[in-house]
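This report walks through a structure from its overall arrangement down to individual side-chain pairs. Please keep the sequence and the model open beside the text while reading.

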Number of protein chains: 2
Amino acid sequence: MSVTAAKGFTAAGIAAGIKENGNPDLALVVNTGPRLAAAGVFTSNRVKAAPVLWSEQVLKGGEVSAVVLNSGGANACTGPKGFQDTHATAEKVADSLNSAGLDDLGGHAPGMVAVCSTGLIGVLLPMDKLKRGVDKAVAQLSPHGGEKAAIAIKTTDTVHKTSVVTKDGWTVGGMAKGAGMLAPGLATMLVVLTTDADLESDVLDRALRAATRTTFDRVDSDGCMSTNDTVLLLASGAAEVTPEYAEFAEAVRQVCDDLGQQLIRDAEGASKDIKVEVVNAATEDDAVEVGRSIARNNLLKCAIHGEDPNWGRVLSAIGTTSAAFEPDRLNVAINGVWVCKNGGVGEDRDNVDMRYREVHIVADLAAGSETATIWTNDLTADYVHENSAYSS
Amino acid sequence: MSVTAAKGFTAAGIAAGIKENGNPDLALVVNTGPRLAAAGVFTSNRVKAAPVLWSEQVLKGGEVSAVVLNSGGANACTGPKGFQDTHATAEKVADSLNSAGLDDLGGHAPGMVAVCSTGLIGVLLPMDKLKRGVDKAVAQLSPHGGEKAAIAIKTTDTVHKTSVVTKDGWTVGGMAKGAGMLAPGLATMLVVLTTDADLESDVLDRALRAATRTTFDRVDSDGCMSTNDTVLLLASGAAEVTPEYAEFAEAVRQVCDDLGQQLIRDAEGASKDIKVEVVNAATEDDAVEVGRSIARNNLLKCAIHGEDPNWGRVLSAIGTTSAAFEPDRLNVAINGVWVCKNGGVGEDRDNVDMRYREVHIVADLAAGSETATIWTNDLTADYVHENSAYSS
């Protein structure tokens with residue numbers, strides 16, 4: 001279903017030969033209208049890949065007619081040539097779509113084609129292969145192409161990720177790729193969402209920012225922030241329905257939340273999914289800061305891997321933040337057992353059952369009533385292996 | 001040599017039975033004067049162990065007659081009982097020293113006994129064993145006890161760490177323990193330094209803060225900040241020499257730098273020591289922020305473990321900071337090869353020789369003339385194993 005669950009979209013996913021192993025590596029998503037509204041959120045990393053710099057400009061116009069995504073190379077830190085390549089890719093997509101007669105809405109223009117790339121930093125893309133791949137993808141565009149598109153954007157992902165929410169006469173669907181370098185402070189990873197609801201780009205923008213702030217932005221697998229992260233939301237208006245904002249925003253949030261969970265469950269080398277819930281914080285910012293500090297503590301992540309409910313490492317992590325709290329009022333629960341009460345020893349840690357994949361840590365700051373949840377993974381030898389055995 | 005290299009100190013290291021494996025776990029360092037000046041720097045973690053809270057108070061007086069250190073338990077997050085135990089430990093040390101007739105300087109008072117603990121958080125110390133251990137340590141105090149004291153404070157350290165600098169008639173020596181949970185933003189790990197120079201406590205304080213700021217504070221093995229970190233500097237005045245401040249401060253810096261290097265070389269599970277040198281920064285703060293961001297990037301640390309000169313991960317890490325730089329002016333050298341120039345591909349990465357334990361990364365921000373160096377380690381499966389296989 002993926003990006004073609006909503007009416008008014010076609011997609012394709014093909015092997016262009018960018019990846020040396022011959023796996024699918026090029027995806028195309030086309031909005032067939034009648035509306036071409038779009039919004040985007042991009043990495044907050046100050047070192048931005050060429051496709052991010054390009055797509056940021058495209059999105060300023062509020063209209064996107066097509067998105068081309070490649071795996072097999074990030075086109076980041078590639079200088080002026082890399083940016084020229086992104087520009088040429090957008091031109092090629094517009095030309096190829098127009099040549100194929102897919103120009104019902106007045107024709108595709110390069111300035112309405114968003115570009116996303118993912119893979120190794122610092123390597124130029126094989127443009128000949130990529131351009132031939134664009135022609136191949138255009139020829140295979142289909143209202144049933146969503147799954148293939150989702151497969152073609154995989155890098156170290158073991159599964160492709162899609163999600164759909166269908167409401168009364170309209171739909172939000174999407175696809176995501178990402179298995180490492182997941183970090184907050186930004187829209188993370190590559191994500192394309194589509195809807196057939198009839199909405200203006202400013203409404204899409206508001207709903208998308210609200211959704212990413214509490215979903216992708218609170219997924220932190222390894223603390224590392226990518227140069228290429230992009231989340232796009234395209235609306236075709238094909239359903240001829242304009243939902244209430246709140247209902248639409250909730251549907252977008254649900255799809256983002258579902259895709260974010262899929263990213264965590266497929267994180268490189270992970271054996272545990274860790275839900276870090278911070279409660280009774282003085283402010284939401286405090287809750288997020290504490291949650292991220294806990295989620296990024298390598299020693300705690302190792303302990304969780306070893307099924308050791310090491311709450312001392314949770315307190316150590318809380319202690320490095322600027323959040324409002326008193327050390328002797330902190331409480332910590334691991335999988336429902338309050339192993340730390342009032343900053344000291346609480347219930348018997350032997351009662352904590354850590355056999356299952358999901359681990360739930362609650363950090364009670366006893367300083368207010370705000371809350372935030374950050375998702376992360378354990379740190380494993382497999383993570384080290386995946387990220388040291390080859391360049392990615 | 002260690003803490004007894006300087007005249008005017010005795011020390012001992014014994015097995016008190018706090019560690020279940022019977023290894024040495026209690027160290028005592030006594031200043032025999034004629035002066036009892038002292039300074040201390042403590043963890044900036046807001047969750048502080050009982051011995052840190054105690055010793056901070058002791059140091060406010062500027063005089064320390066003895067330091068007692070135990071491994072086998074951190075006495076952190078142990079509530080009021082933990083603090084009472086620290087107090088009782090200081091009382092026991094003073095009583096035992098006085099009872100043994102080691103009260104030449106008017107007798108030991110609990111308020112002049114600093115206490116340091118290291119080990120698992122959230123467990124009360126076995127006070128009966130600890131008190132008996134104090135008597136045993138007092139009985140073994142010796143001007144040659146420095147090595148034994150250094151051995152008794154080991155936790156997961158594979159070697160004990162000592163250092164000595166001897167100048168014209170005076171000496172600075174010391175011992176350190178630490179093999180994980182090394183992080184900056186504080187005085188890291190447990191360190192006791194001694195000198196026989198004749199100096200006031202405010203001079204010691206100034207020299208110690210200056211030294212730790214550019215040594216222990218820039219050692220970041222795993223980004224995790226302890227609840228117990230303490231660095232103490234004691235002066236006996238026994239050499240009857242008052243060196244110039246600059247010369248003394250440099251000697252203290254040298255001992256701190258040497259001990260910091262030993263901590264990095266013994267970091268848990270590490271196979272590479274990584275020197276991250278940031279140059280041409282607009283400010284020293286920028287240089288430190290960028291260096292720490294690079295040093296804490298798990299993906300880069302995995303790549304270095306795999307001997308992969310993955311400069312893209314260096315740029316990703318730089319991009320998450322607030323330092324002054326332009327992405328297209330960044331340069332990165334790995335082991336002398338400028339693999340990234342002007343934000344893009346530089347010299348051939350195949351020329352980077354990464355076979356040796358030390359790896360040198362230079363990040364050139366091209367934004368000024370300030371510099372800072374941060375030391376870290378690679379991230380390895382052994383690190384994961386050491387920190388997941390047992391509680392620590």
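A salt bridge here is a side-chain nitrogen of Lys or Arg within 4 Å of a carboxyl oxygen of Asp or Glu. The model discussed below is a predicted one.

## Salt bridges

Side chains of opposite charge can pair when their charged atoms come close. Over all chains, the structure holds 36 salt bridges. In one of them, the side chains of Arg349(B) and Asp308(B) meet with a distance of 2.8 Å from N to O. Arg349(B) belongs to the loop between strand 13 (344–345) and strand 14 (358–364) of chain B, while Asp308(B) belongs to the loop between helix 8 (298–305) and helix 9 (311–318) of chain B, so this pair ties together parts that lie 41 residues apart in sequence. Elsewhere, in chain A, salt bridges that share partners join Arg35(A), Asp198(A) and Glu200(A) into one network.

A further salt bridge in chain A is formed by Arg218(A) and Glu284(A), whose closest N and O atoms are 2.5 Å apart. This pair links distant parts of the chain, since Arg218(A) sits in the loop between helix 5 (201–214) and strand 9 (230–235) of chain A and Glu284(A) in helix 7 (residues 284–295) of chain A, with 66 residues separating them. Arg218(A) is buried at a relative accessible area of 7%, and Glu284(A), at 24% relative accessibility, is counted as partly exposed.

## The surroundings of Glu284 in chain B

In chain B, Glu284(B) lies in helix 7 (residues 284–295), and with a relative accessibility of 25% Glu284(B) counts as partly exposed. Which residues is Glu284(B) in contact with, leaving aside its neighbours within four places in sequence? The contacts are with Arg213(B), Arg218(B), Glu370(B) and Thr371(B).

With two of these residues the side chain of Glu284(B) makes polar contacts: one of 3.2 Å to the side chain of Arg213(B), and one of 2.6 Å to the side chain of Arg218(B). Glu370(B) is 86 residues away from Glu284(B) in sequence, yet the C-alpha atoms of the two residues are 5.3 Å apart in space.

## A hairpin in chain B

Strand 6 (residues 161–166) of chain B pairs with strand 7 (residues 171–177) of chain B in the antiparallel sense, over 6 bridges. Within this pairing, Thr162(B) stands opposite Met175(B) of strand 7. The hairpin has 4 residues between its strands, and Gly169(B) takes a positive phi near 90° there.

In a regular strand the side chains alternate between the two faces of the sheet. Strand 6 of chain B has a covered face made of Lys161(B), Ser163(B) and Val165(B), and an uncovered face made of Thr162(B), Val164(B) and Thr166(B). Lys161(B), on the covered face, also forms a salt bridge with Asp157(B), the closest N and O atoms lying 2.5 Å apart, and both Asp157(B) and Lys161(B) are buried.

## How the two chains are arranged

Chain A is superposed on chain B by a rotation of 180° with 0.0 Å of shift along its axis, at an RMSD of 0.0 Å. The two copies are thus related as by a two-fold rotation axis. In chain A, the C-alpha nearest this axis is that of Ala381(A), which is 2.2 Å from it.

## The interface

In the interface, 50 residues of chain A are in contact with 50 residues of chain B. Of the interface residues of chain A, 100% are also interface residues in chain B, so the copies meet through the same surface. The size of an interface is often given as the accessible area lost when the parts come together; chain A and chain B bury about 3800 Å² between them, with 58% of it on carbon and sulfur atoms. Helix 8 (298–305), helix 9, strand 13 (344–345) and helix 10 (381–388) of chain A each supply at least two residues of the side that touches chain B.

How many salt bridges and how many residue pairs in polar contact are found across the interface of chain A and chain B? The rule finds 0 salt bridges, but 11 residue pairs in polar contact. As for helix 9 (residues 311–318) of chain A, 8 of its 8 residues are buried, among them Trp311(A), Arg313(A) and Ile318(A).

How values were computed. Residues are numbered from 1 along each chain as its sequence is written. Chains are lettered from A and ligands numbered from 1 in the order in which they are written. This is a predicted model: local features need pLDDT of at least 70, side-chain atom pairs count only at pLDDT 80 or more; totals for chains, interfaces and linings use all residues. Side-chain values use heavy atoms; hydrogens and water are left out. Buried means under 20% relative accessible area, exposed over 50%, partly exposed in between (1.4 Å probe, protein chains only). Two strands pair if DSSP finds at least two bridges between them. Copies are superposed by least squares on the C-alpha atoms of residues with pLDDT of at least 70 in both. Contact means heavy atoms within 4.5 Å. Buried area is the accessible area (1.4 Å probe) that two parts lose on being put together, summed over both. A polar contact is a pair of N or O atoms within 3.5 Å; within protein, one must be able to donate a hydrogen and the other to accept it, and residues adjacent in sequence count only if both atoms are side-chain atoms.
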